[in-house]
Each structure stands twice: as structure tokens, then as C-alpha cells.
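Biologist: Hello! Could you walk me through this model, one question at a time?

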Amino acid sequence: MSTTAPGPQGPKKPSVRKKTVPQIVASRDKLTMLTAYDYWTAQLVDRAGTDMILVGDSLGMVVQGKEDTLEVTVDEMVYHCRAVSRGREQALIIGDMPYLSYHVSREETVRNAGRLIREGRADAVKLEGGRKRIPMIEAILDAEIPVMGHIGLTPQSVNALGGFKVQGKDFKSRQRALDDALALQDAGVFALVLECVPYDLAEEITGKLDIPTIGIGAGANCSGQVLVTHDLLGMSFGKTPKFVRRFADLSATGGDAVGAFIEAVHSGDFPNLKESFKPGKNTSNIQLYGGDLSLTSSVS
Ligand code: KIV
């Protein structure tokens with residue numbers, strides 16, 4: 001059973017308008033995008049005001065503990081997009097297309113992108129890669145689905161790239177990134193993630209494009225920034241990449257809280273009478289979720 005009552009508590013909030021792709025493209029403010037894979041995290045980042053929520057295939061590593069993103073499936077992405085969409089009020093939701101979901105045929109690509117929209121309730125999809133992805137991007141756009149591009153370090157290419165490495169460090173690879181960025185814009189992507197490229201290259205690409213660039217490990221001069229929320233909150237135990245800033249350390253505070261729970265159970269301090277139900281009375285929902293619980297006795 002859930003420990004917290006689902007849905008909003010108290011008076012109903014006025015309905016909030018969710019952001020649209022044209023608003024994101026037209027924005028002159030720095031954009032923010034954060035990952036979420038579940039209902040709670042979606043509520044957290046949405047209420048804090050992020051412009052976009054990315055249901056990233058990074059969930060393969062962050063949530064499933066895998067060493068890369070290659071095993072994530074369309075079914076899993078649909079499942080996580082659905083959970084996130086229930087927690088969103090205002091942010092634009094982008095569903096990541098997992099490896100092999102947009103590589104085989106235009107038909108399969110459109111079907112997979114369509115599942116993230118229709119079943120997952122995402123507003124747009126993201127896919128990795130440069131010019132060679134254009135036929136698939138065009139097919140998705142033909143189905144009226146907005147597409148976000150992603151170049152630089154594209155984690156689904158980890159085997160082809162020989163590891164998770166900074167891209168665009170030599171002349172040829174810089175030129176390729178620039179050409180890819182312009183070609184993807186011409187193909188119709190509404191925004192472009194630049195991952196792990198030198199900051200001067202990201203700045204140059206941003207200056208040449210009319211669509212927003214969203215950087216991760218790409219310096220300060222992109223149109224916006226994206227981080228994996230687990231990294232930002234310090235919800236991991238291993239090493240984090242150089243470009244991550246931990247704005248909180250939830251692994252430490254969470255660990256302390258769990259330790260305090262264990263200690264309180266061992267000492268008999270938890271649960272106390274206030275946290276227990278009186279015998280012999282029907283328990284209404286309001287009492288169950290923290291209404292009048294002036295209790296004198298506990299129930300086993
Ligand atoms: O899957 C993901 O979270 C991403 C971001 C890191 C951009 O693609």
C-alpha cells in the first residue's frame with residue numbers, strides 16, 4: 001500500500017497550461033531540461049519549474065543499474081513516460097527513443113515514436129545521431145511528432161565510439177558536428193542536445209542555429225542545460241562525470257534517514273502512539289492519511 005495519499009491534497013489548484021514546442025523554440029530565456037523516470041520525480045522537477053522533462057534512456061543505467069543504455073526497450077520507455085506524464089503539469093515531456101527503435105525502417109520508427117506519444121503521453125521524442133538519421137526524423141515529423149536531436153557524445157553509439165568520450169576535439173570531428181547540427185535543423189528538429197563537446201564548439205553551433213541547443217557537458221553558452229536529475233540530487237553512489245554539479249546530496253541525507261528509521265525500530269521509538277491507530281473504531285480515509293489521529297492506544 002502507498003504510504004501517502006495519491007493526488008493533490010487540499011483545494012484544487014487552478015489549471016496550469018503546459019508548455020508547447022513553439023514556446024520552447026521561441027523562448028529567449030535560458031532553457032532547462034531535467035530527466036524523470038517516475039511520478040514523484042516528475043512532480044518534483046515540474047513544480048520547481050523546469051521547461052522540459054526528458055524521460056531519458058539513461059534510466060537503463062540510473063534506474064536499472066546497467067552499464068550502458070543499449071538494452072532499454074520501447075515497452076520500458078512507454079511505461080516510464082506514462083508514469084512521468086501523470087506527475088507533469090506544465091513542462092514539455094520528451095520521450096527518448098531507445099537503441100534500435102529508429103534504426104530498422106521508417107515504418108517501425110514511426111510506430112515506436114507513436115507509442116511514446118499515444119501510450120506514454122509524451123509531447124515529443126528525442127533520438128541520437130547526425131545526418132544519417134534524417135530519413136527517420138522526416139518520417140516521425142510526417143506523423144506530426146516533434147523531434148529533438150542529440151549529437152556529440154551519443155551514448156547509444158558507445159561501441160562505435162569506443163567508450164563514453166568527449167567528441168568534437170579535432171578539426172574533422174568539429175566539422176562533422178557542425179554539419180550535423182545544421183542538417184538536423186534543416187530536417188526540422190525543434191531543439192538539439194549537445195553532449196560532451198568542447199564549450200567553444202557548442203558556442204559556435206549555438207550561434208549558427210535558429211533552434212535552441214541544450215547542453216550537457218557542453219559549457220555555458222548553449223541555449224539551455226540538461227542534467228540527469230539523479231546526478232543533480234546526488235542520488236548515486238559511484239563517480240559522477242566532470243560536467244555534473246551535485247546541488248544536493250540525497251544519498252547522504254537518505255542514508256541518514258534510513259539509518260534513523262532502523263535505530264528507531266530497534267529502540268522501540270517507532271512507531272509511537274501518534275503513528276498508531278486506536279482500537280475499536282472504524283478508520284476513515286482522512287484519519288488514515290493524517291487527519292485527527294489523537295490516539296491513546298496502538299493497534300498491532
Ligand atoms: O538519456 C538521457 O538522459 C539523455 C540526456 C543525458 C541528454 O539523453
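Modeller: Gladly. The chain has 12 helices and 8 strands, where helices are DSSP runs of H or I with at least four residues, strands are runs of E with at least two, and both are numbered from the N terminus. This is a predicted model, in which local features need pLDDT of at least 70, side-chain atom pairs count only at pLDDT 80 or more, and totals for chains, interfaces and linings use all residues. Residues are numbered from 1 along each chain as its sequence is written.

Biologist: What percentage of the 300 residues of the chain count as buried?

Modeller: A residue is buried if 20 or more other C-beta atoms lie within 10 Å of its own, exposed if 12 or fewer, and partly exposed in between, with C-beta atoms placed from the backbone. For the 300 residues of the chain, the buried share is 36%.

Biologist: Which residues surround the ligand?

Modeller: A residue is near a molecule if its C-beta atom, placed from the backbone, lies within 6 Å of it. By class, the shell has 5 nonpolar, 3 polar and 3 charged residues; Ala, Val, Leu, Ile, Met, Phe, Trp, Tyr, Cys and Pro count as nonpolar, Asp, Glu, Lys and Arg as charged, and the others, Gly among them, as polar. Around the ligand are Thr 35, Leu 54, Gly 56, Asp 57, Ser 58, Asp 96, Val 193, Glu 195, Ile 216, Val 226 and Val 228.

Biologist: Is Ile 53 buried or exposed?

Modeller: Ile 53 sits in strand β2 (residues 52–55). Its C-alpha atom is 5.5 Å from that of Thr 35, 18 residues away along the chain. Since 30 other C-beta atoms lie within 10 Å of Ile 53, this residue is buried.

Biologist: How are α4 and α5 oriented to each other?

Modeller: Helix α4 (residues 74–87) and helix α5 (residues 106–118) pack at about 20°, their axes 8 Å apart; axes are lines fitted to C-alpha atoms, for helices over the stretch in contact, and angles run from 0 to 180 degrees between N-to-C directions. Angles under 35 degrees count as roughly parallel, over 145 as roughly antiparallel, 65 to 115 as roughly perpendicular and the rest as oblique. The two helices, α4 and α5, are therefore roughly parallel.

Biologist: Which residues make that contact of α4 with α5?

Modeller: Two residues are in contact if their C-beta atoms, placed from the backbone, lie within 7 Å. The residues here divide into 5 nonpolar, 1 polar and 1 charged. From α4 come Val 74, Met 77, Val 78 and Cys 81, and from α5 come Asn 112, Arg 115 and Leu 116.

Biologist: And how is α8 oriented to α9?

Modeller: The axes of helix α8 (residues 171–187) and helix α9 (residues 199–208) come within 10 Å and cross at roughly 25°. That angle makes α8 and α9 roughly parallel.

Biologist: Which peptide bond is cis?

Modeller: Look in the loop between α11 (250–267) and α12 (285–288), where Pro 271 is placed. Omega is near -5° for the bond from Phe 270 to Pro 271.

Biologist: Last one: is Cys 196 buried or exposed?

Modeller: Cys 196 lies in the loop between β6 (191–195) and α9. This residue has a positive phi of about 50° although it is not a glycine. With 21 other C-beta atoms within 10 Å, Cys 196 is buried.
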